[in-house]
Amino acid sequence: MLSHSLHYVIFVIAVFALYWAVHRHFWPRMGVLLVASLVLYTGFTQLPTLIVQGNVTPQALLLAGLPLLIFLAGVTVDHLLVKGLGRTDRPGVRKLLVVLSIVSNLGMLAGFKYLELLRRTALAVLGPWGVEVRPEPFHLLLPVGLSFFVFQSISYTVDVYRGKASSEHSFIEHLLYMLFFPRVVSGPIVRASELMAHFRQVPTLSPDDGGKAMFRIAVGLVKKLIIADVLGSGIVDPVFGSPEAYSSAECAVAAVAYTLELYYDFSGYSDIAIGVAGLFGFKFPENFARPYLAKNLFEFWNRWHMSLSSWLRDYLYIPLGGNRRSKPRVLFNLMMVMVLGGLWHGADWRFAVWGAVHGVALCAVRCWWWFRGKQPEPGPVRAGMGILATFTLVVLTRVVFRAPDMTHAGEFYARMLAGIPGLANVGPLVWIMLAVAIIAHTLPMKVYDQTALAFLKLPAPARAVVLVLIGLGIRQLSTLEARPYVYLQF
Amino acid sequence: MSLKPTSTGWTLAFTVLLTVGLSLAPLPEKFRPLPSLRQEGSLGPKLVALALPASLRGVKAPRPPADTMAPDAPPSALAEADTAGADTDPQAGPDVGEAPAVPGIGLEELSAPTLANALELEALRERMGAKHVEIELNCRKARADGACEEDGLAPLMRALGDLRSDTRRTPVRVVHLGDSLIASDYITDVVRDRLQERFGSGGPGFLYIHRLASAGRATRAGTASTDGWKMERLVDTHWPKDRVGWTGVAFSTSGPSQGTRFSVEGSRQAELFFLAQPANGSVQVSVDGKPTQRIQTRAFGPKAEAAFARLKLPEGAKTLTLTASGKTELHGVSLESGTPGVVYDTVGLLGGMAEVYLRAQPAAFRAQLRHRKPSLVVLMVGGNEAFFLSRERTTVDEVRAQMKALVSRVRTSVPDAACLVMSPIDAGVRTMSGELVTRRHSAQVAAVFREEARQGGCAYYDTLAAMGGEGSALKWLESGLMLEDLVHPRVRGSNLLGHLFDLALQRAFARTHPPRIPADMSGLQNATPALKRTFESLARRESGAKLRVGIAQLGASHTAAHFFSDTVRGALTKRFGDAGRGFIAAGKPSPRLEAAHVARTLDGPWTVEDAKGAAPGGLWGLTGIRAVGAPGASLGISFCEGCDGRKDNTPGRLDLYALDAPDAAAPEIRVDGELIAPEAPPPEPLTKPTVRIRSFPVTGPAHTVQVTVPEGGGSATVLGASLEYDTPGLVYDALGLPGATAFTARDMDAPALDAQLTARRPDLLVFWYGTNEAELPGLDAGALRQDYAALVSRLRKATGAECLLIGPTDRLQQDADGRWTEAPSLGKVLATLPQVAKDAGCAYWSARAAMGGERSMQRWQRQPSALGHVDGVHLTQAGYAVLANAFVKDLMAAYESTKKGGEPTASAAGAP
């Protein structure tokens, strides 16, 4: 049940009604949210099919429910470690406990996500030297949302270790924090201090907050189902599928379209997640801040997938020394963060390459700043050039991100640079959607705010009419087949 | 939470009410948020379906789509449209042109390897619930009284019939136009390969200058220097107007010279499709790198028009290179073998639909189609039409009008050709709720196509029903036969579609051209109980028992050629161990023995006699041969010449088979150069010739026996020699006499033959007579049955071996006009030999069925690498190997089945 589906909308309405019916009472309130979260996550496993079809055997149940069991096991281990952290002040023990948490979480991620990559790499590198490496794939299951789960898990134990989060939360609260349904699949990565502290407060929802949340959800659906999906199916998938069949200009348009698709896809998802959380009185951190208007690459990363960027900053870059070390070490830290951040996106070396290229570019910018000194806010021309240069770099590196492997990426680049003219295969709908995507991204925020305000001022029946009209518009304009979120795979 | 009128709760409640209300209201669909609520049926289940994800309703959770498209996917799958389910009743037969049922489902004429693949696809069909659907023939020409004079496929069937009867000297061409489903050629290659196997290959047919897309296969195109060619397709937004015909794509260049290369092995004719235009362009033709001619593409008039240039390719040509200079536009190249056979052109345009093919310039479409002289034009579109209908980008009336126009254009362009319209296949969509559902509108399109085919006089094939009807795409997806786009079948699914269409064509052909000789059963028949003991011995051998398994194959030239038996021996000894080469008849040097590392020499005055035509009762060696040497003559047989892999200390036994007679000289025998002491004379003087078998122990793998007839005495007769090692394994004797029949073996002196054969210690006797009997005009089938059965029974009794009969290969002969016809008694032999096997308690394997049955010899002759000999009787070395592999496969399948404790199947490939 993906969050842009009708089932999800109905699910949210049902949970909304139940939640607000019992919201004044802690345990019923927690119970509604936890059951809803468990039901939603169970929907991503084969358990419902198994049960409905009646093929219930212990072995089949275990296999189908394995993703849920993995999460439950992870939460249990972390909860015990957090409780241990709360009960001791001895630095050595505390360090040991937090290290155990990090190791167990990263071990889970490595085991389920990266073991196959390691095997393939070992086979390719060591195989020719006669070293025996398992030739068969592991066929390990990758639970949906594991990458986000692990990062959030680590953030909680580390925050408890650092004294930024409380260790006094119950197991149910801990479990709900990890599985909270608006964000369980693809984030945003929410810190414990931002979410768990609110579990114990009686929630409120003013008409304005509720209106904003609904408006946010509607915007997210439009972003995802109209802009992202039309670009994806209209130009990105065909061209990336067979770049040789398209002109260089069409390949370039597809690369730009993919860059926009990715933003509208993921930010649309984030809008829905933030909006749904808002309906239950929770405030999630923002995940995007119009990233393609960034004037340099550092700014881009401060505007793109902000919950991940800030996580990498707080839990990787700063522990490595951040900016406060020698210049070579700062550059090393940057590279390390970007390569690992790249690899976080998928168990394939092309993601590491993608991250490394960004790392090199960030290092170059950093060196330039060291050499020239960081410039004050640039003028409009320099800002424009900066935006263009940053966007170009992002577009070019996205090719590696989107292509199935490096060979395909190479073929795509070769085709894009071959200088073959012609845009015959870019249909009018794609042009329109590209224009909409670019305009929507560059519009001043106040236009968005004023539109939201206008929606908030409407009486409930009029809001309902607007929402239904948006739904009808989505139905008419979207591609018939809704596509899963791009970030679902990460 | 506040419950003011502006509150969130009220907003949500109003939204839900408005959504449900509008959905149930009698409004146009586009104004109803949830159109499914107003569809037929009670509201409850529909609300449940909306509220509960598919997984909670017992439907498998959708798999997230693959990050990238599978390698076998046609590109731009999402731009490509799809097809949907239909209300078509797959059980409902065709309403027009239905003919009497033919036995089987159309598998009868496939060779063993193809049959094996076909049966795998049949098993897949069963699993998927796909169906054999008959082609609706319709009527292309009606009499004045309204009765149908000629059905929609008649021109094709006539042409194929002419090929079959060898009265046609030109190829039978099929032009198959379609969408992305055939762009990768996975459906059509099955049809092409099968048709070419049954009716001969006329060559690859039409190929593009370069592949149209990087994904999928590149089998239907040359390899061009892509950067310099401009490719314009009818499917493009700005398609090449007024230039391109049904070939659909223009490859133009106007700058520096641009080339393209084709592999032309086996082709003798090529034809360039190009645009003659008022510009200075030319194409340099090179074959294997050598320039042969230059084609000017300049038009004589002011207008551009489709043009053609025929090129002859020298025998053995490997590559054809076309280098275009100046302003040139090429559309493709056709390659043909120049021999009668089927040529199957495919043009698959991504996004292809009837409207797209109508974009072709009518004159060019007509000129190109007429030039091709097709016997059949297939139109396979509809997926995109269904897609556009679902998006309201077109209407049913438009779809109808477009198909009507396309059918009309085809019929008027080539009025003598048959045409066939195929329905779109089933497809699915992933809805916004993540649910997989059948795509709508395909049934509608199929119904329109069916009607337009009927009205236009074209045949119609309901691919949708064949696939399994509505909902089959989802089933195919679950079974990995469809891509995640739910539109395009994967390779295996495409193969299944091709398989179903091919068999439908074959059944249609079989109705108009029933086989002259009833098809015999393919595969190994009656393996249980006939081969029970042999299989037990093989199983024990395989599990490590130290025993020898002997197989002796008696027969005519197929056996004497050694190619068949060498392949069988190689396969069996590889699995069960090699216990030696076995028996070699005395005779002249023969290159056919080289593969088995055997050499023969005859020096001096030798007379090699054989049993054919000899008086009954003669003493002959196991192959029906004897070598009679006059004084001073010398004969040698060397085993394992140049072979390796066997240890030098392998102990073995070399046997010499000879005739001893009252006046015969005692020959001087040397084994590996060492003189063997003469044998003691028999206690009683000989009164008549007697078979003598002398056995010599040897060590090591390679041995030679040399027999010299001493000077000054009488003659000596040598029958042959055998070499066996004292190691566990299998010995496979090939005992063949060219031109022999079962009657030949019957007339040989029984005690002598029985004694020699007994000495070979066979566990299994394989008899392969019948091919020469088929040539006898007045064959007495009763006598054949009786005598052959008696011979087999006698030899079985003498040796204690089990038996297996191999039926004759397909045998043809040329009439006075040079046309090939079946040998006169082939039918009788084919009918009799299974009876013989039954009478004698033998297993039976039909070589002709394994070749593909009716006229298979002709098809084997016409293979690019000929499998059938030009004499219509024998096979080439490659042909014998193919046949032997089929035999081994069937034999081992029966063995495996018995080993597992079950009844052996008729065949690895099975019997239709």
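Which residues is Leu420(B) in contact with, leaving aside its neighbours within four places in sequence? In this predicted model, the partners of Leu420(B) are Ile135(B), Gly152(B), Leu153(B), Leu376(B), Val378(B), Cys458(B), Ala459(B) and Tyr461(B). Leu420(B) also has a place in the largest nonpolar core, which holds 262 residues. Together with Cys803(B) and Leu883(B), Leu420(B) touches the most other members of that core.

Among contacts in chain B with a separation of 6 or more, 81% join residues 24 or more positions apart.

Ala774(B) sits in the loop that runs between β35 (764-768) and α21 (781-799). Beyond residues up to four places away in sequence, Ala774(B) touches Pro808(B), Arg811(B), Ala823(B), Ser825(B), Leu826(B) and Val829(B). Gly827(B) is 53 residues from Ala774(B) in sequence, yet the C-alpha to C-alpha distance between the two is 7.7 Å.

In chain A, helix α18 spans residues 428-442. Its 15 residues reach 21 Å from the first C-alpha to the last, close to the 21 Å expected at 1.5 Å a residue. Four residues of α18(A) are buried, namely Val430(A), Met433(A), Leu434(A) and Ala437(A). These four lie on the same side of α18(A) because they cover an arc of only 105 degrees around the axis. An α-helix has 3.6 residues a turn, so residues three or four places apart point the same way. On the other side of α18(A), the exposed residues are Pro428(A), Ala435(A), Ile439(A) and Thr442(A).

Finally, a word on confidence. The model has an ipTM of 0.81 and a pTM of 0.57. Chain B averages a pLDDT of 85, and 90% of the residues score at least 70. Two stretches of chain B call for separate mention. Over residues 59-103 of chain B, pLDDT stays under 50, and the model has 147 contacts beyond four places in sequence for this stretch. Residues 905-912 of chain B also stay under 50 in pLDDT, with 35 such contacts in the model.

Technical notes. Residues are numbered from 1 along each chain as its sequence is written. Chains are lettered from A and ligands numbered from 1 in the order in which they are written. This is a predicted model: local features need pLDDT of at least 70, side-chain atom pairs count only at pLDDT 80 or more; totals for chains, interfaces and linings use all residues. Two residues are in contact if their C-beta atoms, placed from the backbone, lie within 7 Å. pLDDT is the predictor's confidence in each residue, from 0 to 100. Helices (H or I, at least four residues) and strands (E, at least two) are DSSP runs, numbered from the N terminus. The expected span of a helix is 1.5 Å times one less than its number of residues. A residue is buried if 20 or more other C-beta atoms lie within 10 Å of its own, exposed if 12 or fewer, and partly exposed in between; C-beta atoms are placed from the backbone. The arc is that of the directions from the helix axis to the C-beta atoms. A nonpolar core is a set of buried Ala, Val, Leu, Ile, Met, Phe, Trp, Tyr and Cys residues joined through C-beta atoms within 7 Å.
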